Every structure is written in structure tokens, then in C-alpha cells.
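I opened the notebook to record what I looked up in this structure. The entries follow the order in which I went through it.

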Amino acid sequence: MGEENTLIDFNLKNEQQINYFIDVKHPFSFLPNARISNTTLDTSGKTTLTQKFVFNDKSFPIGGQVDASFNVSYVDYTFYYELFDNDNYSFELGLTARDLNGNVTVTGPTKNSDDTCNDPNPSPGSPCTDTGNTATSSGKIKTDEINPMLYVSTNIGLPLTHLSVFAQADFSLLNDHTLSDYQVGLSYDLMQFKMVDFNVNLGYRVVKIELENLNRSYTDLEFTGAFVGMVFALLLS
């Protein structure tokens with residue numbers, strides 16, 4: 001995170017994240033199915049600067065300990081078609097509108113006047129002087145926008161078992177920001193009746209968010225980890 005050529009690693013903590021969704025399928029083949037998913041990603045970290053760091057017009061000097069907090073949430077509105085769907089295999093293709101809301105805050109000591117000791121390009125022979133007073137300041141950037149994404153999903157049943165392999169992915173379609181979100185795993189069909197399904201899922205998910213040129217700042221976030229989930233389906237068709 002930082003300016004384009006001076007990105008800083010903030011040693012982010014491992015945190016539990018939250019995701020839930022509602023998926024509506026219907027028997028009308030000419031209309032797309034709908035899925036609404038909500039995801040919240042929160043984490044924080046800190047680092048001791050080995051280079052001067054500028055974030056949202058705040059200048060943090062070398063040697064200062066800087067804290068960063070990331071609060072990102074998004075709602076996905078997905079409309080998709082089931083191109084294949086039987087007991088052993090399904091494939092879905094559609095479009096997602098990702099309503100992304102994010103806050104990135106950096107807090108640490110700043111200088112309120114010029115400090116030539118932290119000048120990344122000092123003049124030859126110039127003395128190193130530190131005449132500034134140190135204060136604690138925060139820089140913050142926000143994003144609130146909707147991004148179009150391609151949605152794909154597949155499920156493959158394993159013969160003679162209640163297990164299936166699933167994969168799902170969303171990829172950004174525009175170059176303003178780089179967004180990707182994919183997951184793979186196993187699903188166990190715990191209960192299955194005529195109109196009700198109940199599955200337990202175990203998988204691995206990767207969410208990557210690169211926000212470019214927000215107030216001249218760049219943020220590169222990647223959330224990865226295993227997950228356990230439960231899916232309750234009411235079959236209307």
C-alpha cells in the first residue's frame with residue numbers, strides 16, 4: 001500500500017471473515033437466476049518504516065511505527081444462467097455487479113515541517129537536519145463504487161458418494177481496479193428431500209483487491225484461507 005513506486009508491507013493479521021448469500025433459482029429458463037452475496041473483510045497491521053511513506057497527502061518519516069487498518073465490504077448482485085444442470089454436473093455463467101465499499105486508514109508519527117533526513121533524493125553535500133516537530137496523524141482513503149464482474153460456477157458430483165467438488169469465481173471486467181474472488185472445495189450432501197437440500201462445504205477462498213490511483217495512493221490486498229460453510233436450499237421447481 002502507498003504510492004505506485006513505494007508500496008509498503010504492513011504485516012497484516014490473520015482474521016476471521018464473514019460471508020453469506022441468498023441464491024434464487026426458478027423453473028423459467030429464459031429468465032436469469034439471481035444471487036445476492038455479502039462479504040466483510042477486516043484486518044490490521046503495523047510496520048516500522050525503512051523509507052519515507054506518503055499516504056493521502058500525509059508524510060510519515062523513516063523509523064516511525066505506522067499502523068494500518070483495512071475495512072472492506074461488498075455486496076454482489078449476480079444474474080446467471082445454468083448452462084448445464086443434472087445430478088452429476090452443473091455449470092453457471094453470468095454477470096456480477098460488485099458494490100464495493102472500502103476504508104483504508106494509516107496512523108503514525110508525521111513531521112509538520114521539512115525534514116532533510118527523510119528526503120529520498122538529497123542534494124550532494126547537503127547536511128542532514130531534522131527541525132520538524134513530531135505529531136501523530138492519520139491518512140484515510142475511501143472507495144464506494146460498483147464494478148462489473150464475470151461470474152462462473154461449476155459443481156461436479158463424485159460417483160457413489162454424497163460428495164461433490166465445486167468451484168466459483170468472479171473476475172473484474174474493467175481495468176480501473178483489479179478484483180478477483182474465487183473458491184474451490186468439497187460439498188457434502190447431508191440431507192436431501194424432495195424440496196429441501198442441506199449441504200456442508202469445506203473449501204479455500206482467495207479474494208484479491210487492487211485499488212489504483214485513489215488520491216494518488218495504491219492498495220494491494222489479498223485475503224486467503226480455508227472456510228467452512230452451510231448451504232440450505234429450498235427447491236421451488
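Entry on the core. I note at the start that this model is predicted. I looked up the largest nonpolar core and found 23 residues in it. Phe-53, Val-106 and Ile-209 touch the most other members. I then listed the elements that give two or more residues to this core: β3 (53–55), β5 (65–85), β6 (89–111), β7 (134–157), β10 (196–214) and β11 (217–234). The largest share, five residues, comes from β5.

Entry on Arg-98. I found Arg-98 in strand β6. Is Arg-98 buried or exposed? Its relative accessibility is 1%, and buried means under 20%, so Arg-98 counts as buried. I left aside its neighbours within four places in sequence and looked up its contacts, among them Asp-76, Glu-145, Asp-170 and Asp-181. Tyr-74 is also in contact with Arg-98, and Arg-98 lies over the face of the Tyr-74 ring, at 3.9 Å from the ring centre.

Entry on another arginine. I looked up Arg-35 and found that it lies over the face of Phe-21, at 3.9 Å from the ring centre.

Entry on aromatic pairs. I searched the whole structure and got four aromatic pairs. One of them is formed by Tyr-80 and Tyr-151. This pair is tilted, with 5.5 Å centre to centre and 45° between the planes. Which parts does the pair tie together? Tyr-80 lies in strand β5 and Tyr-151 in strand β7, so the pair ties together parts that are 71 residues apart in sequence. I also noted that Tyr-80 and Tyr-151 are both buried.

Note on methods: Residues numbered from 1 in each chain as written. Predicted model: local features only at pLDDT ≥ 70, side-chain atom pairs only at ≥ 80, totals over all residues. Heavy atoms only, no water. Core = buried A, V, L, I, M, F, W, Y, C linked by side-chain atoms within 4.5 Å. Buried < 20%, exposed > 50% of the residue type's maximum accessible area, 1.4 Å probe, protein only. Helix = DSSP H or I, 4+ residues; strand = E, 2+ residues; numbered from the N terminus. Contact = heavy atoms within 4.5 Å. Phe/Tyr/Trp six-rings, centres within 6.5 Å; stacked < 30°, edge-to-face > 60°. Lys NZ or Arg CZ within 6 Å of the ring centre and 35° of its normal.
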